Amino acid sequence: MAAARPLNRIPALDGLAFGRLISPPTQAAINKVNQTAFGNSAKWRFQPGTYTTRQVVEHVAPLLNSLIAELGLDPPGAEPSRKVLIDGLRSCLAITGRESTLPIGDAINMAGESARKVMAKQAQRIGSLLVRCAQNAPPPDVTAPQMTVRSPCEGHVWTREVASLLIGPRSNGNLMQVYNEWLHQIVLLRDGLLPFENFDEVRLTITQEGTRPVDDIRSKFLMQIMTAQVKRTTIIDVAKGLTASGLPSGGYGFQYGSGIVMPLSLFTGSSSILLKYVPATVDDSNHQELLFDYENKDYFSVPRHEISVDEVTSNASSISSTNSYSVTSNPVYSSFAIENPRETDSFSQIRRIKLQGSFEDGAQYSVDVGQITRGLRYAYRAVDTNCEDSSAESSSFALHKASDVLSLPDLVTSTSRSDGVRLHVIQAGSAVARMALLGKLYPENVVLVNGEKQSPTSALGVGKGFGPQFVIIGGDVVG
C-alpha cells in the first residue's frame, strides 16, 4: 500500500493542515516535437505539458534562435543581434519607456499599497526574471531548420535597434513575424504570472498555443491595472489562464493538476490582492479542475445577526491596555472541510471550503473561507501603537468570547450605539481564531489590533465613524 502523502501545513495558521503535498511533473528538457518539419523549414508550435516559468522561456527560445541563425553573421563592429533582440524584450517588459507594454512605473513611488503599485512591483520582478531566462536559454543551433509562424501584429513597439535589424537587408517578412511571436509569448507569460506572489514556483499548464490563452483576459486585466480598478475576479481569472483555463470565471481559488492556488492573505493575514501557488491537493475525489467559490456571492444580502448587550461577556468603562481584560477562548480543534454545493452532481467543478472547529465549552463553528478572504480584505488595521482616544474614559466597551461570537447565527454585526456600546472587543488567542472571526463578522467596521503592541483604544481612530466597531485583538499571523 502506497504511503500517504505528507500534509500541507500552514505555519502562519498554527500549523493547520490544508490538503496534502504532491510532486507535480514538469517537462525536463526541450522536446523537438515542438517543430513540425516542412523540408528545410519548420512550423513552430508549443509542445503541450506542465512547465516552470524558466522552461516556458526555453521552449520558445527556438523562435529566437531560428531568427538569429537566419540573420547570419553579424557585420564586423556591429552589436550582436542576439543582444539587440533580447534588449528589445527587456524594453517591452519594462514598466517605463517608449516600448513598455505595461507603462505603470509611476505607481512605484505612490504611497500605500494600491493594486496598481502591487502590480508594478510584480511586473518589475517578473520582467527581470524572464530576461535572465531568455539570456540563459539554449544558444542557436546552426543546423536548426528555419521557423515559420503566423503571428498577427500585437502593436508592440520595437526598439530602434530591433527595427533597424528586422526591417534591414538581412531580414524578411517571416523573420519579423517570428520575432513578434517570441516577444508576445514572453509578454503574455509575464502578464499571466502577475497574480502570483511566488511566480517562480508556479507550475504552468501550457497548450499547443503556448501562452496565447492569456490573450482573452489580458486586455481587460491591463485596462483595470492602468485605471487602478483591479478586480479580484479578474486576478483569479488571469491566474487560471496558464494553469486551469477550463474553469469558469469567478471564485477566490482553485485546484488543478499541479496544485492549488489560494489568496496569499490566508497565508499571511494581510489584505494582499496576490495569490499563492502550493503544490498540494485538497480534494482527491476526482481529477477535475475545481473552483473554490464563495458560499454567498453577494454578502451584502446575507442575513445578519445584530449582537446585543445580552450577548456581552462583560463591560468596562475604559480599556487602556491589553492587560486590563482577559476574555480568551481558543478552538481546541480546527480543520478545513471541502463541500460540494451540488451534491447530486459528482462532476461539478464547484467546491466550497469551510474552516470549522470546536471550543472547550462545546461551542462549534463553521465559517466560509471565501468570507474570510473578504474579512481580510476589508478589515482596518490599527497602525499607531500608542494611540489613546481622549474620549476613551467615557466610552463603553463590550468584551466578548470568541466562542460566543462564532456560535451566533448568520454574519454578526452591530449597527446602533443605542445601548451605549462603542467597541465590541474580542480577543483571539490564535491565528485560527482570528481568521474564523474575520469570516463571521460582517466586514464593515472591523479593526485588527496587535495584541502585543497595541491597546484596544488604538482602534478608536480607525475605520468608519458611524456605528460601533468590532475589535479583534491578538492572533497575529506571522507569515
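Entry 1, the hairpin. I am working with a predicted model, and I began at the turn. E1 and E2 make a hairpin, with 5 residues lying between the two strands. In that turn I looked up aspartate 14 and found a positive phi of about 60 degrees. E1 covers residues 7-10 and E2 covers residues 16-21; the two run antiparallel and are joined by 3 bridges. I also checked isoleucine 10, whose bridge partner in E2 is leucine 16.

Entry 2, the rest of the sheet. Which strand pairs with E2 over 2 bridges? I traced this to E11, residues 280-281, again in the antiparallel sense. Leucine 21 is the residue I found opposite alanine 280 of E11. Put together, the 3 strands make an open sheet with antiparallel pairing, ordered E1-E2-E11. E1 and E11 each have a single partner strand and stand at the edges, so one side of each lacks a neighbour in the sheet.

Next I turned to H5 (residues 173-193) and H6 (residues 215-226), whose axes are 11 Å apart and meet at an angle of about 60 degrees. The two helices are therefore oblique to each other, and I noted their crossing as left-handed.

Which residues meet there? From H5 I listed His184, Val187, Leu188 and Asp191; from H6, Asp215, Arg218, Phe221 and Leu222. Sorting the residues of this contact gave me 4 nonpolar, 3 charged and 1 polar.

Notes
Residues are numbered from 1 along each chain as its sequence is written. This is a predicted model: local features need pLDDT of at least 70, side-chain atom pairs count only at pLDDT 80 or more; totals for chains, interfaces and linings use all residues. Side-chain values use heavy atoms; hydrogens and water are left out. Two strands pair if DSSP finds at least two bridges between them. Helices (H or I, at least four residues) and strands (E, at least two) are DSSP runs, numbered from the N terminus. Axes are lines fitted to C-alpha atoms, for helices over the stretch in contact, and angles run from 0 to 180 degrees between N-to-C directions. Angles under 35 degrees count as roughly parallel, over 145 as roughly antiparallel, 65 to 115 as roughly perpendicular and the rest as oblique. A crossing is left-handed if the near helix is turned anticlockwise from the far one by less than a right angle, and right-handed if clockwise. Contact means heavy atoms within 4.5 Å. Ala, Val, Leu, Ile, Met, Phe, Trp, Tyr, Cys and Pro count as nonpolar, Asp, Glu, Lys and Arg as charged, and the others, Gly among them, as polar.
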